[in-house]
Amino acid sequence: MTSTDSKSVSKNKKAGSGNNRKPAVDTGLIKRLWRFVRPYRWFLLLALFLTLAVTFLGPLRPWLTQVAVDDYITPGDIDGLLWIIGIYALVLVAETLFMIAMTFTTRWVGQNTLYSLRASVFEKINNLHTGYFDTNPIGRLITRTTSDIEALSDLLSSGVVNIIGDLFRIIFIMAFMLSMSWELSLVTFLTIPILVYATFWFKAKVRVAFLEVRDQIARLHSFIQEHISGMSVVQLFNRQEKEAERFEEINAGHKNAYIKTIFYFSIFWPIVEVLASVAMALVVWYGGAQLLAGEVTFGILLAFIQYVRQFFLPIRDLSDKFNTLQSALAASERIFSVMDEPNRIQNPETPVVPAEKRGAIEFENVWFRYKDEEDFVIKDLSMKVDAGEVAAIVGATGAGKTTIINLLTRFYDIQQGTIRVDGVDIRDMELRELRSRFALVMQDHSLFSGTVMENITLGNPDISPEKVKEAAEMIEANKFIEKLPGGYDFVLRERGNSLSMGQRQLICFVRAMVYDTDILILDEATSNVDTETEVLVTRSLSRLMKDRTCIVIAHRLSTIRYADTIVVMHKGRIREKGTHEELVTVKDGIYRRLYEMQYKDQVVTG
């Protein structure tokens with residue numbers, strides 16, 4: 001087991017032990033779920049009315065049986081019996097129609113509620129700070145937006161209404177029974193204290209068990225997602241057997257957690273069945289004695305036998321619904337833990353808009369670290385990039401190059417110092433306004449399932465197909481796009497895997513072109529392309545960079561040698577700054593060493 005898995009299990013155990021002290025039903029969670037149900041409350045009231053009608057008509061049938069036996073069959077009144085049979089048939093028809101309407105209404109309300117909840121969770125995840133995704137596995141977040149929300153489906157579609165219906169069914173049955181014979185009713189209710197105790201024991205145990213099940217599902221999803229994404233690495237290094245062992249362990253944890261819930265149900269349901277049988281035996285024994293003594297009629301005894309069967313059915317259903325309730329509440333706890341995550345990157349109360357959009361950038365005494373307990377990865381950084389300039393940032397892996405980009409686009413907030421765009425502190429700018437100033441092309445090709453056109457425009461209605469095609473021609477990407485089946489309507493697979501690395505990168509360049517921002521960021525944008533594509537991209541970059549402020553991060557020095565300023569980073573600090581011609585002549589300089597390593601066959605003088 002990895003250390004991450006161990007920590008996860010430890011955390012889950014602590015959570016489980018803490019949850020033992022929680023109430024069986026968390027009213028706070030119910031109130032929060034109600035916020036999503038509230039828009040459909042009138043339909044929910046209609047469903048509740050229909051449910052109460054169904055729960056009343058069900059217990060009415062044994063009463064009609066008692067009336068038919070005692071008032072019409074025993075005296076031999078055939079006409080009256082036919083009248084009762086007609087009423088009985090009408091009750092059955094009404095019960096069926098009400099049940100159909102109730103089922104449709106409750107499920108309609110449930111699915112609309114899930115739609116709203118799912119949209120809210122995705123919107124929350126969509127707007128969370130980038131640092132949150134550094135510490136939360138993708139599989140866990142997928143679980144929150146899929147299976148955890150689906151766990152609420154039965155509860156919101158029918159569970160709550162049916163729980164209320166079952167409770168009223170029990171009340172109606174008890175009322176009918178007491179109206180017929182309070183003595184037989186008390187005999188039937190003798191088993192209730194044992195049933196209440198068993199129910200509370202069951203609720204306390206199954207709540208914790210379902211929390212553990214949801215934790216194990218999240219671990220399972222995280223593991224599967226990570227390993228499917230990295231399957232080529234697993235197979236290349238022949239790790240199939242080892243990873244299968246790890247999966248077996250996680251799979252076993254999920255199985256054992258679920259078996260624990262099955263164990264509690266395997267005890268509770270037989271207890272309900274046995275108590276129902278005991279109650280039936282008591283009714284037959286005591287009721288039979290009263291019938292022989294003339295204290296009750298045969299119709300009442302027959303009705304009580306039917307009522308005993310009906311009485312324990314909703315109790316068993318309630319235990320099953322409680323299963324659904326606990327599973328749903330355990331899932332909702334996890335969903336709302338995401339919803340409650342504070343967003344560390346906030347919009348200012350009074351946003352400031354630069355007087356003029358030029359693209360000037362300034363870092364002043366910037367310090368940054370990802371976590372409080374870690375060392376600073378950016379240390380006292382100060383640099384300026386004037387509007388329209390091309391600034392290149394180079395350095396060894398881990399020098400802080402990409403971090404600078406993350407800070408500039410405010411994916412993370414700095415601890416000290418100031419970053420300005422056109423003279424305005426980026427923390428004083430509205431996030432949407434700030435990020436609309438940048439076009440970003442990264443080493444990791446950010447493509448999605450969808451058409452080529454959709455990947456370029458990202459659904460922006462202001463970008464016309466003509467503008468896309470014009471940009472593609474400038475980047476010279478139109479040559480391969482138009483050869484694809486369907487051209488710009490060709491549907492890409494996940495992450496654009498149906499295209500070559502170079503083709504994916506060219507699409508990202510076209511996207512940057514059509515968004516026409518005043519600041520362009522290239523983060524290792526040509527590192528994964530072949531030499532031929534690099535030549536093509538380099539030829540297009542001059543058009544892309546024209547009249548824009550550009551920040552270029554690259555290991556290939558050939559792509560940045562013509563930059564206006566080259567900044568050399570080392571361990572979070574700026575060590576050198578200047579043009580290519582200036583830096584390459586610095587003896588024992590970092591840039592010169594990097595240049596010599598890439599171009600050993602060229603003589604560097606200075």
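Trainee: At what angle do helix H3 and H4 pack, and how far apart are their axes?
Mentor: Please keep in mind that this is a predicted model. In it, helix H3, residues 41–73, packs against H4 at an angle of about 160 degrees, and the axes are 8 Å apart. Angles over 145 degrees count as roughly antiparallel, so H3 is roughly antiparallel to H4.

Trainee: Is that crossing left-handed or right-handed?
Mentor: The crossing of H3 and H4 is left-handed. By class, the residues of this contact divide into 28 nonpolar, six polar and two charged.

Trainee: What about H2 and H4: how close do their axes come, and at what angle do they cross?
Mentor: Helix H2 covers residues 27–37 and helix H4 covers residues 78–127; their axes come within 8 Å and cross at roughly 105 degrees. An angle of 65 to 115 degrees counts as roughly perpendicular, which is why H2 is described as roughly perpendicular to H4.

Trainee: Which residues meet there?
Mentor: From H2, the residues are Leu33, Phe36 and Val37; from H4, they are Val109, Thr113, Ser116, Leu117 and Ser120. The contact of H2 with H4 has five nonpolar, three polar and no charged residues.

Trainee: Changing topic, which residues in H22 are buried?
Mentor: In helix H22, residues 590–598, the buried residues are Ile590, Tyr591, Arg592, Leu594 and Tyr595.

Trainee: What covers them?
Mentor: The cover over the buried residues of H22 includes strand S3 (390–395), strand S11 (565–570), strand S12 (573–578) and helix H21 (580–583).

Trainee: I also noted leucine 167. Where is it found, and is it buried or partly exposed?
Mentor: Leucine 167 is found in helix H8, residues 153–180. Its relative accessible area is 43%, so leucine 167 counts as partly exposed.

Trainee: Stepping back, how many helices and strands does the protein have?
Mentor: The protein has 22 helices and twelve strands. Of its 606 residues, 49% count as buried. Among the contacts with a separation of 6 or more, 77% are between residues 24 or more positions apart.

Trainee: Finally, what is the mean pLDDT?
Mentor: The mean pLDDT of the protein is 82, with 90% of the residues at 70 or more. Over residues 1–24, however, the pLDDT is below 50, and this stretch has 25 contacts in the model beyond near neighbours in sequence. Residues 601–606 also stay under 50, and the model has eleven contacts for them beyond four places in sequence. Where pLDDT is low, the predicted coordinates should not be read in detail.

Technical notes: Residues numbered from 1 in each chain as written. Predicted model: local features only at pLDDT ≥ 70, side-chain atom pairs only at ≥ 80, totals over all residues. Heavy atoms only, no water. pLDDT = per-residue confidence, 0-100. Contact = heavy atoms within 4.5 Å. Helix = DSSP H or I, 4+ residues; strand = E, 2+ residues; numbered from the N terminus. Buried < 20%, exposed > 50% of the residue type's maximum accessible area, 1.4 Å probe, protein only. Axes fitted to C-alpha atoms, helices over the stretch in contact; angles between N-to-C directions. Parallel < 35°, antiparallel > 145°, perpendicular 65-115°, else oblique. Nonpolar A, V, L, I, M, F, W, Y, C, P; charged D, E, K, R; others polar. Left-handed = near helix turned anticlockwise from the far one by under 90°.
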